[in-house]
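The entries follow in the order in which I looked things up.

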Amino acid sequence: MSGAVSGMSGAVSEKSAAIEVRAVEKRFGNVGIIRDLNLSVAKGERHAVIGPNGAGKSTTFNLISGHIAPTSGEVKLNGDRISGLRPFEINRRGLSRSFQVTNVFARMTVWENVRCAVLWATGHRYAFWKNVDSLPEVRARTAQILDDIHLTHRRDVPAGLLTYAEQRELEIGITIASGATVVMLDEPTAGMSNAETERAVALIRRLTEGKTLVIVEHDMSVVFGLADRISVLVYGHIIASGTPEEIRRDPKVKEAYLGEEAH
Amino acid sequence: MTTATTSTSKVAADSVGGSLRFYGIWLIGIFVLIVLPMIFSSGGSLTSFSLIGIAIVFALSYNILLGQTGLLSFGHAVHYGLGGFAACHMMNAVVSHGWPIPLPFIPLFGGLGGLVFAMIIGWVMTKRAGTVFAMISLGIGELVASSSLILRSVFGGESGITTDRTALPKLLGWSFGPQLQVYYLIAFWLVLSAIAMYALTRTPLGRICNAVRDNPERVQFIGYDPHVVRYIAFCFAGFFAGIAGGLAAINFEIANSAYLGAIQSGLVLFSTFIGGTAYFFGPILGAILVTYLQLGLTNLTTAWQLYFGIIFIGIVMYAPGGIAGLLMMHRPLIRAGTLWTVIPSYLLAIVPTVALACGVILTIETVARFSGGDPINLFGIAFNPTSPVTWIAAAVLVVGGGFVARLTWQRIAEAWDRAATVARDRGYLA
């Protein structure tokens, strides 16, 4: 498994990669948070990023989704360079992400939260000459998403008044609503009970069918149950990348991450 | 789960009769505007109604920023004022060139004046929301207001730009000399603007404005540039503020630097906030109340601005949703049929609260008139501001009224909690 990192780029050819992160570095002042980050996610793959607290998982998400710009290196989405683009430009190219801390439109209803996320993708953009309530495809898609995330019965409740688990589901709903082909979920099950986690994982599995999924997750049963491939991030650097089986056996991973949990 | 399911069915049933009720409200509003001058036909009330109509358009335009998009502007009067100047210049140009443009079209040019300026400065201003936007709006407001005194050819200096609305071509025989005709012109533009601004909230852009207000960060991750959203909203707000300014120019036949100033900007913020920013009709209520208070209080007391301040602080602290928020709080209780359990506690609170208010008014007026010695007339009772009897009466009303009022307010809170719990159990409240 020593060749895990270098083997990774060989395993996924450049053309079929949905996300390609090359030699990305992120420094805040003199502090290097991310150093020489290389990550490749194939189209249609479910890819989990794991690592101890403070390893830079959320920063990696922010770098890919355009929330922050890398200091150096490049990020490609479906072969096109996206590093340096603004988040909405990246989103329009088909990459959508969720947030670790619930990040919804609190004063708007559940229905409107999802509908807003549908509007750009359905081509309505900044339109101020159309009635938003009489756009059949927007309505149908919003209803479909609400049905998918099991929140139809809560459609008229302001998002800020939902329970925590419901807000997490809405978070996923907003993320997938645009129909993005690359979906990034940042700790979607954080803070959930076992039953809620199971429900959420089933939801994620179903909703990302046929899409590329990148997920940050702490719950190892979720990671190993869901992911096709796993990358292990430690101190801003990916130390291993491979199938769950390979990662489980990797001595470096055991030492740096899984080993700690075993104690 | 069961309560939630029933609430869905109630909401669904509600939306069937909803559209009928919706158009009903607008038709009633138009009807009221038409018959109002027939009931109150005195010159004074016509003037008041005209001012209120202008204030409503202005406050609604401000709420595009504050309530819809979450932008706190301290300089919204800039667009109002520039709209007013644009309208005045246009009216004078129409007269001097003999263009066939009748008066009712003039507010449109006011709107364009507000819009053009918004388009020019808006892109820089809306780059950031929050404090940055608020500060820049304050700066631009001061800049334009002071420019208006310097650039005499455009703004006419201290005296402003005057015009004669009756010199324009007549429309259907209306010269717009009488205030009644001006009132109907304002009412017409009020209806038009209100419908347009309401419709704006129901468009994709309107909804994204709400999303930007709630969470500008997340908006970027659903494909939208919050800067563009804020800019477009800013332009719309500038346009409708310009229409209001144009109406004011027609009404007063003058535009001067007072239109653009900080006081005007403060007043629209005040009206909008007191009315309530979360509902479309909030600023309408606020504009009506504040204009009436302004017209009424200035005749009654020299300390009228102090009362405005107290009302504003009271609303900010105890009813941040404004009047509309207070009214709409009752909707779930009405639906759940539990409102009647709260009413008695309201009635109980009226007497001590009015006593407290009288005490406060007496105190303020005593202080305000102490040196002048003018008698205070409170609900027909005369008080001498230099007499200790008045001071004692004020103290008793404030302390005694305040003490009892607090108790009754607690009763309201308790009754309210019980009613809300029932409403929640019945699925009318989330």
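**Sheet and neighbouring helices**

I looked up the strand order in chain A and found an open sheet of 6 strands, β6-β7-β8-β3-β9-β10, with mixed pairing. I note that the model is predicted. The edge strands of chain A are β6 (95-97) and β10 (237-242), each of which pairs on one side only.

Next I turned to the helices. Helix α2 (residues 57-65) of chain A packs on the sheet. I listed its contacts as β3 (46-50), β6, β7 (182-186), β8 (212-216) and β9 of chain A, and its direction makes about 150° with that of β7(A). Helix α6 (residues 164-177) of chain A lies across β6 and β7 of chain A and runs at about 160° to β7(A).

**Pairing of β9 and β10**

I examined strand β9 (residues 229-234) of chain A, which 5 bridges join to β10(A) in an antiparallel arrangement. Within β10(A), H237(A) is the residue that V234(A) stands opposite.

**R27(A)**

I located R27(A) in strand β1 (residues 17-28) of chain A. Why is R27(A) partly exposed? I counted 14 other C-beta atoms within 10 Å of R27(A), and it is therefore partly exposed, since buried requires 20 or more and exposed 12 or fewer. Leaving out residues up to four places away in sequence, R27(A) touches G32(A), I33(A) and T71(A). Finally, I compared R27(A) with E209(A): they are 182 residues apart in sequence and 35 Å apart in space, C-alpha to C-alpha.

How values were computed:
Residues numbered from 1 in each chain as written. Chains lettered and ligands numbered in written order. Predicted model: local features only at pLDDT ≥ 70, side-chain atom pairs only at ≥ 80, totals over all residues. Pairing = 2+ DSSP bridges. Helix = DSSP H or I, 4+ residues; strand = E, 2+ residues; numbered from the N terminus. Contact = placed C-beta atoms within 7 Å. Axes fitted to C-alpha atoms, helices over the stretch in contact; angles between N-to-C directions.
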